[in-house]
Amino acid sequence: MKRALVLLCAALLLLAAAKKAPRFNASLPTVGTRFGTLPLGKGRAQTEAACYACHSADLLLQQRLTEKQWTAAVEKMIRWGAEVKDADKPVVIAYLAKNFGPENKFVPRKTRPIGY
Ligand code: HEC
């Protein structure tokens, strides 16, 4: 009985959620689709080794950070668990700053709303 009630509530919640579904173009890719790869250059291999444990290239491709901001971002990622050898840090930061600085011309791709 209790189980049936829980199932009924879940079904009602699903129905309510379905009604509020936003309109979107169903041919758009889902969030999390991998679009790009990191550009060739000195530091690419170290950057992939340091960052791909948690991100795809796409998260990096869309950034527009100065060297100072990249330094802070990399330090933050290390605090969050990224494994970057001390010896690799300067080359990773230089690579990110060179390729994904304020002049970055990346154009974001449209995706479906999260969860659809
Ligand atoms: C241990 C997992 C992990 C690794 C490895 C990692 N990150 Fe992150 N990163 C996260 C999480 C969690 C977030 C916050 C959620 C999100 O935005 O996806 C994040 C967010 C970001 C963001 C978005 C802005 C921000 O600060 O929240 C950038 C830029 C970023 N990471 C860069 C990097 C770079 C560069 C590397 C490699 C040096 C890296 N990350 C490695 C976990 C990681």
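**View A. Lys89 is buried, with a relative accessible area of 19%.** Buried means under 20% relative accessible area, exposed over 50%, and partly exposed in between, with a 1.4 Å probe and protein chains only. The model is predicted, so local features need pLDDT of at least 70 and side-chain atom pairs pLDDT 80 or more, while totals for chains, interfaces and linings use all residues. Residues are numbered from 1 along each chain as its sequence is written, and side-chain values use heavy atoms, with hydrogens and water left out. Lys89 is part of helix 5, one of the DSSP runs numbered from the N terminus (helices: H or I, at least four residues; strands: E, at least two). Not counting residues up to four places away in sequence, Lys89 touches Val74, Glu75, Ile78 and Val84; contact means heavy atoms within 4.5 Å.

**View B. Seven names make up the buried set of helix 5: Lys89, Val91, Val92, Ile93, Tyr95, Leu96 and Ala97.** The cover over these buried residues includes helix 2, helix 3 and helix 4. Ile93, one of the buried residues of helix 5, has its C-alpha 9.5 Å from that of Ala72, at 21 residues apart in sequence. Ala72 is in helix 4 and is partly exposed, at 45% relative accessibility.

**View C. Gly43 is buried, at 5% relative accessibility.** The residue sits in the loop between helix 1 and helix 2. Leaving aside neighbours within four places in sequence, Gly43 is in contact with Val91 and Tyr95; both belong to the buried residues of helix 5.

**View D. Helix 2 has buried residues on one face.** Thr47, Ala50 and Cys51 are buried in helix 2. Viewed down the helix axis, these buried residues fall within an arc of 80°, so they line one face of helix 2; the arc is that of the directions from the helix axis to the C-beta atoms. Ala45 and Ala49 are exposed on the other side of the helix. The packing partners of the buried residues of helix 2 are helix 3 and helix 5 (89-99).

**View E. His55 (NE2) and Met77 (SD) coordinate the iron atom of the ligand, at 1.9 to 2.2 Å.** Donors are N, O and S atoms within 2.8 Å of the metal (3.2 Å for Na, K and Ca). The iron site is octahedral, with 6 donor atoms and angles of 87 to 179° among them. Six donors count as octahedral if opposite donors are over 155 degrees apart and all others between 65 and 115. His55 lies in the loop between helix 2 (44-51) and helix 3 (57-61), and Met77 in helix 4 (residues 67-79), so the pair ties together parts that are 22 residues apart in sequence. Both residues are partly exposed: His55 has a relative accessible area of 24%, and Met77 is at 28% relative accessibility.

**View F. The largest pocket has a volume of about 410 Å³.** On a 1 Å grid over the protein atoms alone, a pocket is an open set of points with protein on both sides within 12 Å along at least five of seven lines, probed at 1.4 Å, and lining residues have an atom within 4 Å of a point. Grid points are joined across faces, edges and corners, and the volume is the space filled by probe spheres set on them. The lining of this pocket comprises 23 residues, and Cys51, His55, Leu59, Ala73 and Met77 lie nearest its centre. At least two lining residues come from each of helix 2, helix 3, helix 4 and helix 5, with helix 4 giving the most, 6 residues.

**View G. Arg23 is exposed, with a relative accessible area of 84%.** Arg23 is located in the loop between helix 1 (2-19) and helix 2. Its C-alpha atom is separated by 9.4 Å from that of Arg112, 89 residues apart along the chain. For the protein as a whole, there are 5 helices and 0 strands, and 23% of the 116 residues count as buried. Of the contacts with a separation of 6 or more, 71% are between residues 24 or more positions apart.

Notes:
Four donors count as tetrahedral if all angles lie between 85 and 135 degrees; four count as square planar and six as octahedral if opposite donors are over 155 degrees apart and all others between 65 and 115; anything else is irregular.
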